[in-house]
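Dear colleague,

I am passing the structure below on to you, together with some notes on what a look through it turned up. Could you please read the notes with the structure open beside them?

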Amino acid sequence: MSIHPIMQKLAAKLERTDIPAFAPGDTVRVQVKIREGEKERLQAFEGIVIACRKGPQGSFTVRKMSFGQGVERIFPYNSKVVDKVEKIRSYEVRRAKLFYLRGLRGKAARLREVERRAS
Amino acid sequence: MSVQGILGKKVGMTQMFDEKGDVHPITVLKAGPCVITQLKTLAKDGYDAAQIGYVDFVKASKVNKAMTGHFAKSNVPPVRILKEVPLEAPATGENGEQAEGVKAGDRILVDIFADDKFVDIIGTSKGRGFAGVIRRHGFGGGPKSHGHMFQVQGSIGASSFPSRVFPGQRMPGHMGHDQVTVRNLRIRGIDLDDNLLLVEGAVPGPRDGYVLISKAKAPPRERRGFGGSGTIDPLKASKKASAKKK
C-alpha cells in the first residue's frame with residue numbers, strides 16, 4: 001500500500017534531520033539523554049548497528065558487548081532520548097539485518113573494516 | 001456566534017514525540033474546509049444550528065436538482081455530505097447587540113479549535129459483517145480440544161422453564177458500521193496549510209471515512225497535568241522548591 005501524500009508530508013515535517021546517515025554494519029556512538037531527578041546528562045552507548053527500520057516510525061538497533069554480555073538497545077530515529085549519533089567506523093556486511101552476530105562471540109564475531117563513502 | 005464543529009476525513013495514524021520524549025499515538029484528520037450551507041434559526045426552525053458541508057469534489061451529474069437549488073441558495077459549491085452542528089452563543093452578545101455571527105456561505109476552517117485542548121469525534125465504525133458471539137460480545141468459546149467445538153456460544157437458556165429465550169440474549173449478528181462517539185481526544189497539533197488536525201488516540205472508522213469533529217462537550221477538569229506534561233501545579237512547585245532549599 002502506498003503512503004498517503006498527506007502522511008508523507010507530515011512525516012517529513014516530523015522527521016529529525018540532524019542524525020547522520022549510517023547503515024547496518026557501522027559502529028556508532030549514541031549519546032543518550034538520561035534524567036536524574038531534575039538534572040539531565042548524556043551517556044554514550046557505543047556499538048554496532050545490527051538493524052535499521054525505515055519509515056516515519058523507524059528505529060535502529062545497536063548491539064555492544066558489555067563485560068562479556070551482549071546488550072542491545074533499540075532507538076527510534078525521532079526519539080528525543082537520542083541527543084547525537086556519531087559514526088565511528090564501518091564494516092563490510094552482506095545483509096541488512098545482522099542478527100547472526102548474536103550467536104557469535106569473540107574472534108568469530110569480527111567483521112572486516114571498510115571505508116564506506118557517505119551516501 | 002461560532003460554529004462548534006467541523007466535518008473531517010480520517011487520513012491515517014502515526015506517532016509523535018512530545019517535549020518530554022514520550023511517544024503518543026496520533027490520528028491525522030483532514031478537517032475541512034467546510035462551508036455553511038444553511039442556517040437554522042430559532043424563529044423558523046425552532047433551534048439554532050448551522051448546516052455544514054465538507055468541501056470535496058463532487059461530479060455535477062451526481063447532484064440532484066433539489067440539492068443543486070439548495071446549494072445555489074447560499075451560493076456554495078456542491079458538497080458530498082451535510083451535517084448540522086450547534087452554534088455557540090456569542091460571548092459578548094448582550095441586550096440586542098447583534099454579534100457579527102456567521103452566515104450561509106461562510107467557510108469553516110480547522111482554526112475553530114485553536115483555543116481548545118480536547119475534541120469529541122463522531123464516526124462510523126468499520127463494518128464487521130455478520131459476526132459470531134466471540135468476536136461480537138467477547139464470549140469465551142468452546143474447548144479447543146476434546147471433541148472440539150470452537151466458536152460456539154453454547155446454551156442460550158434453560159429448557160421447559162422458561163421455555164423461551166430472554167430478551168437481550170447476546171447472539172451472533174451484524175457488527176460494526178455503527179455510529180461511535182469518542183470523547184475528549186487531546187489535540188496534538190493543528191496544520192492550517194493542509195487543514196490537518198492531529199488528535200491523540202484512535203478515531204472510529206476506516207481511512208477516508210468521514211467524521212464529525214466537535215469541541216469537547218465535557219473536557220476533563222483542569223488539574224495537574226491537564227495541559228500535557230508541561231503543566232505544573234504552581235502551589236506544589238513552590239512547595240517543592242522551598243523544600244529543596246532547606
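**What was found**

B:Arg135 is placed in helix α3 of chain B, which covers residues 133-137; helices (H or I, at least four residues) and strands (E, at least two) are DSSP runs numbered from the N terminus. Before going further, please note that this is a predicted model, in which local features need pLDDT of at least 70 and side-chain atom pairs count only at pLDDT 80 or more, while totals for chains, interfaces and linings use all residues. Residues are numbered from 1 along each chain as its sequence is written, chains are lettered from A and ligands numbered from 1 in the order in which they are written, and side-chain values use heavy atoms, with hydrogens and water left out.

**Surface patches on chain B**

B:Arg135 has a relative accessible area of 52% and is therefore exposed, where exposed means over 50%, buried under 20% and partly exposed in between (1.4 Å probe, protein chains only). Together with B:Lys126, B:Arg128 and B:Arg207, B:Arg135 forms a positive surface patch. Patches are made of residues with over 30% relative accessible area and no salt bridge, like charges being joined within 9 Å and nonpolar side chains (Val, Leu, Ile, Met, Phe, Trp, Tyr) within 5 Å. Lys and Arg count as positive and Asp and Glu as negative, with His and the chain ends not counted, and the place of a charge is taken as NZ of Lys, CZ of Arg, CG of Asp or CD of Glu.

A nonpolar surface patch of about 200 Å² is made by B:Ile156, B:Val165 and B:Met171; accessible areas come from the Shrake-Rupley method with a 1.4 Å probe, and for residues only the protein chains shown count as cover. Of these residues, B:Val165 is located in the loop between α3 and β10 (173-175) of chain B, and its relative accessible area of 38% makes it partly exposed.

**Salt bridges**

Over all chains, a search of the whole structure finds 17 salt bridges, a salt bridge being a side-chain nitrogen of Lys or Arg within 4 Å of a carboxyl oxygen of Asp or Glu. One of them joins A:Lys87 to A:Asp26, with the closest N and O atoms 3.6 Å apart. This pair links distant parts of the chain, since A:Lys87 belongs to strand β5 (residues 82-92) and A:Asp26 to strand β1 (residues 26-36) of chain A, 61 residues apart. A:Lys87 is partly exposed at 34% relative accessibility, whereas A:Asp26 is buried, with a relative accessible area of 0%.

In chain B, B:Glu84 and B:Lys40 form a salt bridge whose closest N and O atoms are 3.2 Å apart. Here too distant parts of the chain are linked, with B:Glu84 in strand β6 (residues 82-88) and B:Lys40 in strand β4 (residues 34-40), 44 residues apart. B:Glu84 counts as partly exposed at 33% relative accessibility, while B:Lys40 is buried at 15%.

The side chains of B:Arg80 and B:Asp56 also meet in a salt bridge, at 3.8 Å from N to O. That pair lies 24 residues apart, B:Arg80 being in the loop between α2 (65-73) and β6 and B:Asp56 in the loop between β5 (49-54) and α2 of chain B. With 21% relative accessibility, B:Asp56 is partly exposed. In chain A, a network of salt bridges links A:Arg29, A:Glu46 and A:Glu86.

**Chain A and its buried residues**

Chain A has one helix and six strands, in the order α-β-β-β-β-β-β from the N terminus on. Of its 119 residues, 30% are buried, and chain A exposes about 8,100 Å², 50% of which is supplied by carbon and sulfur atoms.

A:Gln31, in strand β1 of chain A, is buried at 15% relative accessibility. Leaving aside neighbours within four places in sequence, A:Gln31 has contacts (heavy atoms within 4.5 Å) that include A:Leu42, A:Ala44, A:Val82 and A:Glu86.

A:Leu101 sits in the loop between β5 and β6 (112-114) of chain A and is buried, with a relative accessible area of 7%. Apart from neighbours within four places in sequence, A:Leu101 is in contact with A:Ile48, A:Ile50, A:Arg63, A:Ala109 and A:Leu111. A:Leu101 and A:Ile48 are 53 residues apart in sequence, and their C-alpha atoms are 9.9 Å apart in space.
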